[in-house]
Amino acid sequence: MVLKKSFLWGGSIAAHQCEGAWDKDGKGVGIMDLVTQGTYEKPREITKTIEEGKIYPSHEGIDFYHNYKEDIALFAEMGFKALRISVDWSRIYPKGDEEKANALGIQFYQNIVDELLKHKIEPVVTLYHFEMPVHLVTEYGSWTNRKVIDFYLKFCKTMYEALKGKVHYWSTFNEMNHIDPQTEASDIFTYIIAGLKYSEMEDKKQTLATIGYNMTLAGVKAVKLGHDIDAGNKIGCVFGLTPVYPFNCNPVNVMNAFKENEHEFYQIDAMCNGKFPGYKLCEYQEQGISLDITDEDEQAFAEGKIDFIGLNYYSSSVSRYEGSENDEETLFGGIQNPYLEKSRWGWSIDPVGLRYILNYVYRRYGLPVIITENGLGAVDEPDKNGNIEDNYRIEYLQKHIEQIKKAVIEDHVECFGYLTWAPIDLVSATTGEMKKRYGFIYVDKHDNGKGTLERKKKKSFYWYKNVIKSNGSE
Ligand code: BGP
């Protein structure tokens with residue numbers, strides 16, 4: 001048994017991490033344009049205005065804005081069947097609340113899509129990948145305000161119409177599922193998702209619940225809108241899922257792990273089941289959190305079920321247990337798994353976890369799944385001949401592909417594609433670093449802001465090309 005011929009091999013990038021040209025052709029200021037470079041050890045600084053002398057990684061990115069043709073040609077050379085991109089909202093509606101869209105912004109994405117189609121690469125378009133116009137945060141309070149749902153839908157409508165008949169796969173949001181009022185959040189996560197810092201929120205639980213609800217509602221409304229505009233559209237949502245394993249078989253720990261896992265799922269339940277989950281509403285009621293739910297909202301949930309699930313998978317985590325306070329914590333909230341190796345940034349490397357989560361989401365929802373992100377962030381040093389022998393990346397991806405094949409062939413999971421993060425080096429979302437590289441293509445750009453931006457194929461470039469050519473049996 002092999003993967004279907006139609007399996008979508010490819011990669012995934014996001015506008016604010018690669019495009020640069022942050023103030024070109026009428027683009028407004030997006031929330032990620034105010035985040036300076038930082039490291040995992042030292043949280044990234046979020047400034048209120050652009051300050052001289054600081055490095056804002058999104059401002060130049062890898063200048064995909066001007067290099068997209070060259071980069072897409074390289075993806076085509078690897079044999080890509082699909083590329084996931086995102087549309088930067090602040091390029092289309094610079095402040096978010098304008099009457100008229102910015103024609104130059106629309107043109108840019110039409111050009112990218114045309115270029116992809118020229119190379120027979122299927123575009124998979126994310127409508128919100130941490131790219132909100134800052135004005136919507138400062139003037140309206142971001143997703144705490146229902147008016148922002150309408151602005152978002154207007155933006156979605158503009159893009160659905162602009163790319164009608166050319167784009168068939170859409171995702172309404174990227175990884176909105178990392179915030180849940182029942183858990184502590186980090187400033188960078190609440191910021192990248194909604195432009196607001198957790199530490200500055202007055203009523204934290206209420207604010208997170210409102211953001212989570214409004215984004216979910218916006219998502220289902222965007223599904224209906226996209227279907228109305230073109231019945232051929234397949235509209236999903238991308239979730240970042242990190243399975244949380246129990247510390248051991250003590251039922252108390254198993255229960256804790258179950259509960260921790262569930263934090264990531266209430267929005268997926270809402271988007272797949274046609275209603276906002278009752279268990280969540282009960283929790284909110286008990287905690288004095290109030291949501292303003294209308295009859296019209298209920299109808300929107302019923303009418304806006306997603307068509308597929310986008311899965312971003314990097315790592316698994318282990319649930320905390322009594323006495324675990326001193327254990328090494330992961331970015332994902334739990335503790336390190338002693339059975340697994342971890343990346344330089346502390347992310348456990350767990351290929352089997354990918355098979356596990358593929359099975360889990362497919363059996364829970366029965367919807368087709370596409371892996372929209374998976375990859376290894378590593379420091380790539382060119383050798384004395386200038387070559388990058390990234391065997392560690394090849395090994396990481398190979399092991400994950402092995403598990404996908406098992407999930408599809410042995411477990412009968414309907415997984416229809418694998419898009420690696422990211423096929424070309426770009427700015428890291430959580431740390432803002434360039435040295436955390438994921439690509440098959442090296443970009444000469446560094447954390448001091450310098451570099452020629454020259455592109456160079458790594459060893460993994462040739463390896464992935466063979467993977468695609470052999471439909472995964474390399
Ligand atoms: C996901 C985001 C991506 C990407 C990736 C890797 O959560 O959707 O935008 O950046 O994580 O994370 P990082 O760049 O921080 O290594």
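## Helices α15 and α16

In this predicted model, N391, R393, I394 and I401 of α15 meet K459, S460, W463 and V467 of α16; contact means C-beta atoms, placed from the backbone, within 7 Å. By class, these residues are 4 nonpolar, 2 polar and 2 charged. Ala, Val, Leu, Ile, Met, Phe, Trp, Tyr, Cys and Pro count as nonpolar, Asp, Glu, Lys and Arg as charged, and the others, Gly among them, as polar.

Helix α15 covers residues 391-410 and α16 residues 459-469; helices are DSSP runs (H or I, at least four residues) numbered from the N terminus. Their axes are 9 Å apart, at an angle of about 25°. Therefore α15 and α16 are roughly parallel (angles under 35 degrees).

## Helices α14 and α15

Helix α14 (residues 351-365) packs against α15 at about 30°, with the axes 8 Å apart. That makes these helices roughly parallel too. On the α14 side the contact includes P351, V352 and L354, and on the α15 side K399, H400 and E402. The contact has 6 nonpolar, 3 polar and 4 charged residues.

## Around the ligand

The ligand has 14 residues around it, and A14, G377, S428, A429 and T430 come nearest; a residue counts if its C-beta atom, placed from the backbone, lies within 6 Å. The shell divides into 3 nonpolar, 8 polar and 3 charged residues.

## Basis

Residues are numbered from 1 along each chain as its sequence is written. Local features need pLDDT of at least 70, side-chain atom pairs count only at pLDDT 80 or more, and totals for chains, interfaces and linings use all residues.

Definitions and conventions
Axes fitted to C-alpha atoms, helices over the stretch in contact; angles between N-to-C directions. Helix = DSSP H or I, 4+ residues; strand = E, 2+ residues; numbered from the N terminus. Parallel < 35°, antiparallel > 145°, perpendicular 65-115°, else oblique. Contact = placed C-beta atoms within 7 Å.
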